[in-house]
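Please take me through this structure in the viewer, one selection at a time. I have not seen it before and would like to know what to look for at each stop.

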Protein chains: 4
Amino acid sequence: MIRNTSGNNGLFIPGPTNIPDQVRQALNVASQDMRAPDFGEFTLPLFRDLKRVFKTESAEVFIFPGSGTAGWEATLTNLFSVGDKVLMSSFGQFSTLWVDMAQRFGLDVEHCKVEWGLGVPFEDYRRILEQDKEHKIKGLFVCHNETATGVTSDIKQVRTILDDLNHPALLCVDAVSSVAAIDFRMDEWGVDAVVTGSQKGLMMPTGLGIVAVSQKAIALRAQATLPRSFLSFDDMMKHNATGHFPYTPATSLLHGLRASLDFLFEEGLENVFDRHWRLAHAVRCGVEAWGLELCAKDPALYSDTVSAIVVPEGFDSGEVLKAAYYRYNLSLGSGLSKVAGKVFRIGHLGNMNEIMVLQALAGAELAMKDCGIQIELGSGVAAAQETFLLNNRVSLKQAA
Amino acid sequence: MIRNTSGNNGLFIPGPTNIPDQVRQALNVASQDMRAPDFGEFTLPLFRDLKRVFKTESAEVFIFPGSGTAGWEATLTNLFSVGDKVLMSSFGQFSTLWVDMAQRFGLDVEHCKVEWGLGVPFEDYRRILEQDKEHKIKGLFVCHNETATGVTSDIKQVRTILDDLNHPALLCVDAVSSVAAIDFRMDEWGVDAVVTGSQKGLMMPTGLGIVAVSQKAIALRAQATLPRSFLSFDDMMKHNATGHFPYTPATSLLHGLRASLDFLFEEGLENVFDRHWRLAHAVRCGVEAWGLELCAKDPALYSDTVSAIVVPEGFDSGEVLKAAYYRYNLSLGSGLSKVAGKVFRIGHLGNMNEIMVLQALAGAELAMKDCGIQIELGSGVAAAQETFLLNNRVSLKQAA
Amino acid sequence: MIRNTSGNNGLFIPGPTNIPDQVRQALNVASQDMRAPDFGEFTLPLFRDLKRVFKTESAEVFIFPGSGTAGWEATLTNLFSVGDKVLMSSFGQFSTLWVDMAQRFGLDVEHCKVEWGLGVPFEDYRRILEQDKEHKIKGLFVCHNETATGVTSDIKQVRTILDDLNHPALLCVDAVSSVAAIDFRMDEWGVDAVVTGSQKGLMMPTGLGIVAVSQKAIALRAQATLPRSFLSFDDMMKHNATGHFPYTPATSLLHGLRASLDFLFEEGLENVFDRHWRLAHAVRCGVEAWGLELCAKDPALYSDTVSAIVVPEGFDSGEVLKAAYYRYNLSLGSGLSKVAGKVFRIGHLGNMNEIMVLQALAGAELAMKDCGIQIELGSGVAAAQETFLLNNRVSLKQAA
Amino acid sequence: MIRNTSGNNGLFIPGPTNIPDQVRQALNVASQDMRAPDFGEFTLPLFRDLKRVFKTESAEVFIFPGSGTAGWEATLTNLFSVGDKVLMSSFGQFSTLWVDMAQRFGLDVEHCKVEWGLGVPFEDYRRILEQDKEHKIKGLFVCHNETATGVTSDIKQVRTILDDLNHPALLCVDAVSSVAAIDFRMDEWGVDAVVTGSQKGLMMPTGLGIVAVSQKAIALRAQATLPRSFLSFDDMMKHNATGHFPYTPATSLLHGLRASLDFLFEEGLENVFDRHWRLAHAVRCGVEAWGLELCAKDPALYSDTVSAIVVPEGFDSGEVLKAAYYRYNLSLGSGLSKVAGKVFRIGHLGNMNEIMVLQALAGAELAMKDCGIQIELGSGVAAAQETFLLNNRVSLKQAA
């Protein structure tokens, strides 16, 4: 089969996301000398502007050639030591993987296993921290947006718990699939380390793992004894000060990042977040019209970047994905691990708009029908359309 | 407003069409010497492969830096003389423009004015040619696919008329918006000159006007006394023989053409045509479900590359276009000239697939609703989806 | 053989020239609707900025999908009529081709044939115009920069002749290989029509023929009876007023043009001209060091965009070109027509700098040696280097 | 100052190297789903073809999103444990950094400090290994090509020592700046782990760290207790078997890698190596003609990918670099660490040819002169040219 890959490549996975033309153009660049005397004039504003994205004034930002996984690891190895007690929770594939990584690095993980479809277990966190009178727990890990289940947890609540208890544990957040799509307020929420990647809200190819770290955390790094080198904050800071890097950076991606940041700021971050809510809401109304349910158990947890849709009992979501891919050039997200075969996902983040979302719904309807799932053709599309029309009317009224 | 231009740029005009990634990659090329000794190794296969697209064994193919309009002009100035009598018909913006061009060049045009929405007036052509016992009529001009109204005329019928009457007039065809999307059989249909451009079925940027000319027409060019230089067949033939050009060719577009041809042949021309019918049929079913009518008056005339949809009395199609463009990043084709304000067009040619067509329909529904047109949301999408499902079932049955 | 085509593609022909990365990036763009309501916001500034390049306040600028040859033809067919007497001169391949084109279109060409290597024959022009008391001569044609021989003629002198004689003939200039590289002052020199292309000083792919026309000439176009349609000024003006075009424009090239103009203005036009002189001067010193001669007979005629170098008696410049191309990935310009086999050309225009020129000289030395031409290796390079060092010292002195 | 960055960007650093157009085109790709059912059809051949580049039949190949530094770390953390004794040597910036990294990870490094400009201390290695009767030394680390000093060490000699002594230590090689440019024979030389990056001989942007590991080493990984996760061989192997990855891969770079491998194989690896020698030899002859010396102390150590050139006493190589960069758009490699200010480097690897090397020499001559270094202009160019002519004559003779 011949795939149409440009103009419209039917990509609705929760990352890598569609790359805007401005970014594609910027990526198309000749090699250059990363030791050139004026290289810093290009790179230093990248650090500054990423801070705007994370909504932080004071954090250090690190740009690693890698992926979000590298960012997870950097957070662990630069800020913790073997045997450090940390509090983590898992409620999806990615939160589970971070727990696994922490364990591999020898951290003593207090692991709250949560049903998939729920989010960060605030009550458990509060209880455990409350009992930790001696502040043995050095770090608290939370997944802001669990990409596997389409669940967004409220980071502010975690900060409130820490503040209520006056607990000094570092608050480390996986925001890989939320940053630049769902509001993230590092300073306001008192986040000590936040991890993202280039291929999600930043609308770039995969290849950069980006981490922002509070000065409080930075100050603690000398006590952290886990070995690190490629992902060392120290090495980065020494060189980043002048816009350089301890080893060859992925310069073409840095050019893409420049274009991505410009594109985000041109729309305005708050507008970006609003758009993501609007599109996500439309998808959710579509799913409801189909008579299907989301994997996320509670509307308060619904993710604005990805929706995981549960196929009816007796059907295999993997078949839906294959039909979508092979018959309709439509890439939907698969169900991972515990929810394999049970859910398919629609990624609606990054370079995304109303008619793209309608396309995803229309294509998903076809693929589900092909697999025998009884939904009414056009019903999800119509429900999503309704929300857009309503929104337009509201906007017009507001403007009047 | 911020436009998303890659991944999904909502472009559903009947050209320029969406460019496949393979073609975009090929276009991204450094300059090179068009007089290099091995330049012909690159260019000669382009002429050969374009003949496959036109379905001709013997014609000469010309590639001009220009547009389809340049191709029209090349056909007129290389094959005719001032005062030559020619038979033409107009039933849309583009067929009208060719008539106008012929008149500017001093041809004596027998002009059959046909209602917009109809096609080539076969009976008139037959009658006029029948009366032309002395063969004063030197050329017959037909528009294969009138892009303004979404009407495809049957070229074979024109050939049959000529053959029936043993009339030697040259048969010249505007196939700008049909070649490489709707079957075109130059040799079988006895076409003497056919014109296309790069930005339609060939899925490239605008910039090449391409003409294929029968040996019969080529032989007559010496008698044609209209002046020509930039668009001279003679000059081209002298240089093309070795893969060169009389002046600097648009080499980057030639690289795009190479990729486009490869892409078409990989899918297979017949499959390309089938796909265009499938997608066009789905759009037509969608329009019917909306309760609207096509500009084309007869199913036999329906174009597989573009559908012109009549908005209900009292509505302005221009408003639909603006709503589509400004609210939904959706580019639909406008109504031109006589049908301005009355129709909007959905281009469904080139790098196009099922979910793209559904997107166009879903977006058009939104834009129409925004303008107060009473259609049922999702209805057009559902009708189109039905045809795709049916088609899949038929395909599966055929495969069994 | 494997060609290295990026980073350094050894292209030293006088066009198409090397494309700057900024322009390559801009060219890499998805299709868009040329009838979109905001299309003019993109295109109108292009016309405005091209006027800066031509140094005109009042001229009309036309952008045709085509090449410089299309620009030549547009000038002839829009401004003249069959039988119009015009004064032209030929002293190289391109000036000869324009004469040939004028004759094809039925102009009554007073043709001054000049030895190749010389330029516009001012004395002949003055004499002929002086004799033309009745002002039968409607147009004067001059080639600003004859690309085949590397000869630049002084347009101002032609204007002076016309002014001295108070002769109203239109002054039409081929500036294809000079505009945006050698100073061109349309208004100051009273030029009525000037032609260029995208692939020379504008550093773009071939595909745009650009013409600027004085209001005096524009006013006369209604009297000009040569047929034109694709290249009609009238049609263009009607649509250009709102930033649109009478037929589909080559939008991707227009995006390249935007980037090219920005790039030129960033450097500053006067700096661009200075750079071209510096680089050309270095090449000329290199040629002198080789003991070879330029085709241009007089230093006053030396072109700053291309140098045509005469190979010694008994050698074939074609062999030098082949050695350069096949052995060294170096594209030099060939000798055309009368000087075929006798000269090779180094194009030093557009996206060009000191070390590129040194590369061209070093590569040419190798190729000449391979063909048995007795030059001293490194001698041309050293002579050119000397001029750069001197220039640096002068600059430093000026700065001090 | 305005930089010309395409067509010729004057980049002569030892990486990132110039990217061929074929690779640039391939990199210009839309996002795609790395979990698509046919993703493995694209990725599996990459692993297979990288084995051809490393000249191994049986090794496992790993492709990390990262840089060569990530490859170094992967080798250490997957194959060794804290306290493991390893034998390393340093004679330049990069060999030193690997030693430093090993120490950070708690390896017990027997560190042979060698004068910069020399290579792997074979005699020391032999002596130390000979004394290691109990085979406490678990790994032997060597830098194949020290990029800072332009020194290539003979890996085969190290294997011979190990074989002579029947010593089982793993042989780990940093071949970042040699693979795909200088012959590397993993299987023949019995190399257990070899590290490279995408931005050197593979002619790509930075962003991939590539490691090949022998089955002997792979078998030992379970015993290695250093923590690893992002760079885990185990995780990679589990997913790579079907062409997938444990986390999102840098897909656009993988497309570039495909094009790069195709490009290398089209030329032929042995031809690639020959070309690198030819170009390096020319540079060395140029340096000799200048009366300057290489940092590498012995012709047997000369690197075919980079030459480090010692500036005369009293001059600062940093000034040469700045003059090159700011005045001539020429990027030369800087002197690092111990040789900062003392050497500048010409990278001559990857997408490189004769006239590029001549450009580098010509530009370096200018920059040195600007700094007052007394070399004869054109002398280095001429010496290099001589070698190319001689080579051509020899080639012609061989062909006869």
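This is a predicted model. Begin with chains B and C and the surface between them. Of the interface residues of chain C, 100% are interface residues in chain B as well, so the copies meet through the same surface.

Now select the residues on both sides. On chain C, 47 residues are in contact with 47 residues of chain B. The elements of chain C that give two or more residues to this side are α3 (68–79), α4 (93–104), α9 (251–267) and α11 (317–328). Coloured by type, the chain C side that touches chain B shows 19 nonpolar, 22 polar and six charged residues.

Next, look for the symmetry. Chain C is superposed on chain B by a rotation of 180° with 0.0 Å of shift along the axis, at an RMSD of 0.0 Å. That is the relation of a two-fold axis. To find the axis from chain C, select C:G66: its C-alpha, at 2.5 Å, comes closest to the rotation axis of the residues of that chain.

Seven of them form an open sheet with mixed pairing, in the order β2-β10-β9-β8-β5-β3-β4. At the edges stand β2 (60–65) and β4 (108–113) of chain C, each with a single partner strand, so one side of each has no neighbour in the sheet. From one strand to the next the twist averages 20°.

Strand β2(C) runs antiparallel to β10 (residues 208–213) of chain C, and six bridges join the two. Within this pair, select C:F64, which stands opposite C:G209 in β10(C).

Methods: Residues are numbered from 1 along each chain as its sequence is written. Chains are lettered from A and ligands numbered from 1 in the order in which they are written. This is a predicted model: local features need pLDDT of at least 70, side-chain atom pairs count only at pLDDT 80 or more; totals for chains, interfaces and linings use all residues. Copies are superposed by least squares on the C-alpha atoms of residues with pLDDT of at least 70 in both. Two residues are in contact if their C-beta atoms, placed from the backbone, lie within 7 Å. Helices (H or I, at least four residues) and strands (E, at least two) are DSSP runs, numbered from the N terminus. Ala, Val, Leu, Ile, Met, Phe, Trp, Tyr, Cys and Pro count as nonpolar, Asp, Glu, Lys and Arg as charged, and the others, Gly among them, as polar. Two strands pair if DSSP finds at least two bridges between them. Axes are lines fitted to C-alpha atoms, for helices over the stretch in contact, and angles run from 0 to 180 degrees between N-to-C directions.
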